[in-house]
Amino acid sequence: MVDVADTPAVAVAADSAWRVRLGRFRELGVSIFSNPTTVAGLILIVLMLSIAAFAPLITEPNTPDPYQMPRDWSAISVPPGSPGHPLGTTNVGGDVFYGIVWGARTSLRLSVIVVSITVVVGVTIGSIAGFRGGRVDEVLMRIVDVFLSIPELIFALAIAAVLGPSFRNIVLALAVVFWVKYARIMRAQVIHVKENEYVDAARVIGDSKLRIYFKDVLPNSITPVITQATLDMGNIVLVGATLAFIGLAEAGLAEWGILVSEGQAGISAGRWWASTFPGLMVFLWALAFNLFGDGLRDVLDPRTETSR
Amino acid sequence: MQIRAYITRRLLVLPLLIVGTSIIVFTLTRVGGSPIGIYLSHEMSPDEVAELEARYHLDDPLPVQYYYWASGVVRGDLGWSGVAAAPVTEVFAQKLAATMELAVSAAIVAVILGISLGTFAGARRDRLPDHVTRIFAISGAAMPLFWFAILLLIVFWVYLGWFPIGRSDPDVWASISHPTGLYTVDSLLNLNFVAFRDALWHLFLPAMALGYGATAIIARMMRSSLVEEEQEDYVDAARAKGLPERLVLRRHARRNALIPTVTVIGLSFGFLLQGSVVAEIIFRWPGLGRWMADAVLRGDQATIMAYVMFTAILFLLVNLAVDVIYAYLDRRVVLGK
C-alpha cells in the first residue's frame, strides 16, 4: 500500500501550504510594522529586554548575589547626579540606577516564569474542557468562575500573604491567579475550532484524538492565547511590583516595587527620585507590552477588533 | 418573562458561587500552615499554644476548620483581627464607610470622565483628540497606581501644597457628628460647609489616582462603541433627515454606545476595589484596604479571609447588576448564551 503522503499531489499541496503560511507571516509583519503605536511598543520592549540582558555590562554586579541591592552607607538619600550614583540613592543607601537595571532582570524573570506556567496550565485545562465537553467541561468552568469572582490583585495578595513574603511566593501567587484567563480563552477557541470541516476530515481518515488536537485544533486556536500572553508579560510585572510595593518580597531585592516603597518615606522631605525612577520603569515595561499586545490583537484576531 | 427567569437563575447560582469561592480561598489561605501566629505572644508556653490551637479548632482537619469558620460567618462572627485587636465584624463596620466613600468617588470620576473623553474622541475619530485619548487610555492600563499616586503626592502635596494627605483635618472631623460614617454625607447632614469642603479637599487626590485606571477602561470602550454606532444606518437616517451633527451624537449614537460601556463599568469596579488597597496605603486613608495590607503583612488570616470574601461578593453583585442593566438596555441580547 502506498503511503498517501508520498504521492506527488500531496507533496505539491504541502509545498503550497508552506508558501501560503510564509506569505501570511510576511503579511503579518507588514501589518504589525504599519501601526506606529505597535512599533513604539516593540521598540520599548527591545529596550527593556536589552537592559535586562546587558545588566552586568551596564553596572558592576553586586557580589555574591547580583539581585541584591548594593548598600552604600556613606551615601544615604543622595540626590541624582551625585558621584557614583547617577540617579541618587534610597534612604538605606541603595543605588537607584543599579536597582533600575537589575530590576529589569527581576521583572523579566518574574514575567517569563509566570507567563510560561499560566499558559501551559490554562491551555491544558481549557483544551480539556473544550475538547471533552460534558461533565468535565462543566466542573472545570465552574472552578474558573470561582477564580474569576475575585479581583486579581486581591486574590494574589491573599495567597502571597499566606505563603510568606518572598519573590518566589509572589511568582507562585501570580501563577495561581493568572491561568484562568487562558483556560477561558482556550476553551472557547477549541469549541469553535473543532466544529471545522478539516477536523471532521481528520477524524474520518482515522487520526487519533491526540493527533487531531495537536495537528489541527491547537495550532488553529492558539493566536488569542499569544495575544493575551503578550499583554500579561506587562500585567504580571505590574501586579508583581504592586505586591512587592505592599511588602511581600524580601527587602533588599533589586526590584522596582520595593524601591518605590523605600522611596515613599522620603517624599515629604522632598526626596522624589527614589520612587519616581523605578516606578517609571514599571510603567514603561507595562506600556511596552500593552502597546505591542494591542497591535498584535488587531492583526491576529480581527474578530475582537472593534476600533476600526 | 425572559429577563425575570434569567435574573432568578443568576440569583440562584450566586450563593453557590459564593460558597465555592469561600472554599477555594479558605483552602488556599491555609496551605501556608496554621494561622495561629498572629494570636501568640512571646510569653506563651507550648502548652498554652496547644490549648489556643484547640480552642480555635486549628488542630482539626481542614474541612472541619472550614465548617467552624462557615458556621461562625452564619452567626455573624468573622473571627478576631489580630492587627486591629478587635473582632473583625466590628472593625469592618468602622472602616467600610471610608473605603466606600473613596471607591464611589473614584467611580463617579471614572464614569463621568471616561464617558465624556470617549465621546469626545469617538466623535473626532483619527484626529488629534482621538490619538491623545488613545494614549491616555493605554497609559491608564499600564499605569502602576502605587507610582501614579506617589507622583500626585510629590507634585500636589509636597511641592505645590494644594492638597493634603489623609482623610480629614482631625479638628474639623471632631466638630461634626458622624451618623453614616461617610464624611461628605455627614458634613452635609450637619449643614457644616467647612467640614464638607474639608472632606472634598481630602478626597480629591486619592479619588483621581484611584479613578484613572477605570477612566481609561471606560473611555476606551466608549470611544470604540461610539465609532461603531456612527456607522449604523440609523445614524445616516438621522443625518439624512437634517438633524444637526450635535443632536445625532447626543440623541442617537451616544445613547446606543453607552450600552456596551455599561459592561466595562462593572469590570472597572473590580479595578477600583483592588486599587483601594494601594491608594489607602499611600494616602493614609483609614479604610478596609489599608487594614487588609496590614493584615497581609502580619498574617492576620481572619481579616484576610473576611476582606477577600467581601470583595468577591461585592464584585459578583456589581457584575450581576451590570448584566441585568445591560439586558434591559439592549433587548437584542439573548440571555444566558
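Where in chain B does B:Arg284 lie? In this predicted model, B:Arg284 is found in the loop between α11 (245-282) and α12 (288-298) of chain B. Although B:Arg284 is not a glycine, its phi is positive, at about 50°. B:Arg284 is also exposed, because 12 other C-beta atoms lie within 10 Å, and a residue with 12 or fewer counts as exposed.

A positive phi, near 50°, also occurs at B:Ala85, another residue other than glycine. B:Ala85 belongs to the loop between β1 (80-81) and β2 (86-87) of chain B, and it counts as exposed because it has 8 C-beta neighbours inside 10 Å.

The largest nonpolar core holds 169 residues, of which A:Ala156, A:Leu157 and B:Ala149 touch the most other members. Helix α9 (residues 193-230) of chain B gives the most to this core, contributing 18 residues. If neighbours within four places in sequence are left aside, A:Leu157 is in contact with A:Leu243 and A:Ile246 of chain A and with B:Val277 and B:Val296 of chain B.

The packing of helices can be followed in chain A, where helix α7 (residues 167-193) and helix α9 (residues 209-221) pack at an angle of about 125°, their axes lying 9 Å apart. That angle makes α7(A) oblique to α9(A), and the crossing of the two helices is right-handed. On the side of α7(A), the contact is made by A:Met186, A:Gln189, A:Val190 and A:Val193, while α9(A) supplies A:Val217, A:Asn220 and A:Ser221.

Terms used. Residues numbered from 1 in each chain as written. Chains lettered and ligands numbered in written order. Predicted model: local features only at pLDDT ≥ 70, side-chain atom pairs only at ≥ 80, totals over all residues. Core = buried A, V, L, I, M, F, W, Y, C linked by C-beta atoms within 7 Å. Buried ≥ 20, exposed ≤ 12 C-beta atoms within 10 Å, placed from the backbone. Helix = DSSP H or I, 4+ residues; strand = E, 2+ residues; numbered from the N terminus. Contact = placed C-beta atoms within 7 Å. Axes fitted to C-alpha atoms, helices over the stretch in contact; angles between N-to-C directions. Parallel < 35°, antiparallel > 145°, perpendicular 65-115°, else oblique. Left-handed = near helix turned anticlockwise from the far one by under 90°.
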